[in-house]
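Hello,

Here is the structure I promised to pass on. Please open it first, then read my notes below.

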Amino acid sequence: MLRVDDLTLARGGVPVLTGLSLALAPGQGLILRGPNGAGKTTLLRSIAGLQPPLSGRIEGAEDRVAYAAHADGLKAMLSVTENLAFWARIFGTSDITPALDAFDLHGLADRLAGTLSAGQKRRLGLARLLVTGRPLWVLDEPTVSLDTGAVALFAAALRAHLAQGGAALIATHIDLGIEAQVLDITPFRASAATRVGASDEAFL
Amino acid sequence: MRALLIRDLTLALRAGGGFGLGLAFFLIVTVLVPFSVGPQAALLQLIAPGVLWLGALLACLLSLDRLLALDFEDGTLDLLLTAPLPLEGALSVKALAHWLTTGLPLVLAAPVLGVLLNLATPGYLWLVVSLALGTPTLSVIGCFGAALTVGIKRGGLLLSLLVLPLYVPTLIFGAEVARRGAGGQEVTTPLLMLAGITCAVIALMPFASAAVLRMGLR
């Protein structure tokens, strides 16, 4: 479903990852690990198509990614239902009930997103993944500010997604209790030598 | 795209959305002008088209820094970039929403404020026509400026400095249509120029906006 070959990535003009390859089959989950600053977010942003790699190829990601990062893309002055319905329409789907069910948001459906707690906002942000209908989930620290109950809800939603033939690439430090491979990206850290001629920032 | 338009209009109308800010600013500027130049009906009549155009332009500028900055802060822009919507289309829709909530009310309010400035009778029609033709350009160029400064903390002032020079052609020909109309002169030439500028900007600017936004979000 996703193939990444010999990727070199930069953040702010400084290469952070080099020579990274990975592959994901339908139904497969892959957990990314690595210390802060190892380049997990940069890798996920590149796969989501938000920043181009310096070199290497990413195949099978275009128009198939549902991306979730630290910001959930929620509008404080729209209700939970309105927020979800907006993203559903943007991604060309219409049914938001399964998403409300999966993250136990029915009780909050008419609340303004601005009045939710941090964990509730996160649940709404993750529910957005379900309404996109996209097969490849690219998640950056999805469990931040979730309590154990909500983490279980998320793990269940993830398991259902994988069982339906979806795939997921997740940067996280906690154990989600799902069957997934783990990839430590520390060995792919770019050395100072990769810098030469690798940056386009100087000319912009 | 319709979903995005409806969402932007809904947000503008809800608390803190900023709908009416530009209109109130336009009103205040126009009311202050007669105070500052004195009660000379002839002089006011002479400067009315220019003042109304300048007021509308500055009122448009006022809400530009919210156009993309809010969506950037809450991550919506990143998510829109991964959505099946072409970014050019999304930015055009955002510019349209900005025009509907800022430009259109200015167009509708201008004739009322023309009375305060003793605008000559034949000028009302041409003032409305020139503003209706010109203000969409202000929103679309403004969207480009907003895309250019997205991610810069307190980029509002920089945005104004970047965008104002680009407003010059629209201001010249727009105000010229209103001025000639008020004086009962031929308006065809500036009117065609204004329409031409608007068409070109609406057709080409979204591509530039999308290109700089993609670069800015990297």
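**The sheet in chain A**

A:Val138 stands opposite A:Leu169, a residue of E7(A). Please keep in mind that this is a predicted model. Strand E6 of chain A covers residues 136-140, and strand E7 of chain A covers residues 167-171. The two run parallel and are joined by five bridges.

Two helices of chain A come next. Helix H1 (residues 40-47) of chain A lies across E3 (29-33), E5, E6 and E7 of chain A. The direction of H1 is at about 150° to E7(A). Helix H5 (residues 148-163) of chain A also packs on the sheet. H5 touches E3, E6 and E7 of chain A, and its direction makes about 145° with that of E7(A).

Now the sheet as a whole. In chain A, five strands form an open sheet with parallel pairing. The order is E5-E6-E7-E3-E8. Which strands stand at the edges? They are E5 and strand E8 (181-184) of chain A. Each has a single partner strand, so one side of each is left without a neighbour in the sheet. From one strand to the next, the twist averages 15°.

**The contact between the chains**

Chain A gives 20 residues to the contact, and chain B gives 21 residues. On the side of chain A that touches chain B, strand E5 (65-68) and helix H2 (80-90) of chain A each supply at least two residues. The largest share, three residues, comes from H2(A). By class, this side of chain A has twelve nonpolar, four polar and four charged residues.

Best regards

Note on methods
Residues numbered from 1 in each chain as written. Chains lettered and ligands numbered in written order. Predicted model: local features only at pLDDT ≥ 70, side-chain atom pairs only at ≥ 80, totals over all residues. Contact = placed C-beta atoms within 7 Å. Helix = DSSP H or I, 4+ residues; strand = E, 2+ residues; numbered from the N terminus. Nonpolar A, V, L, I, M, F, W, Y, C, P; charged D, E, K, R; others polar. Pairing = 2+ DSSP bridges. Axes fitted to C-alpha atoms, helices over the stretch in contact; angles between N-to-C directions.
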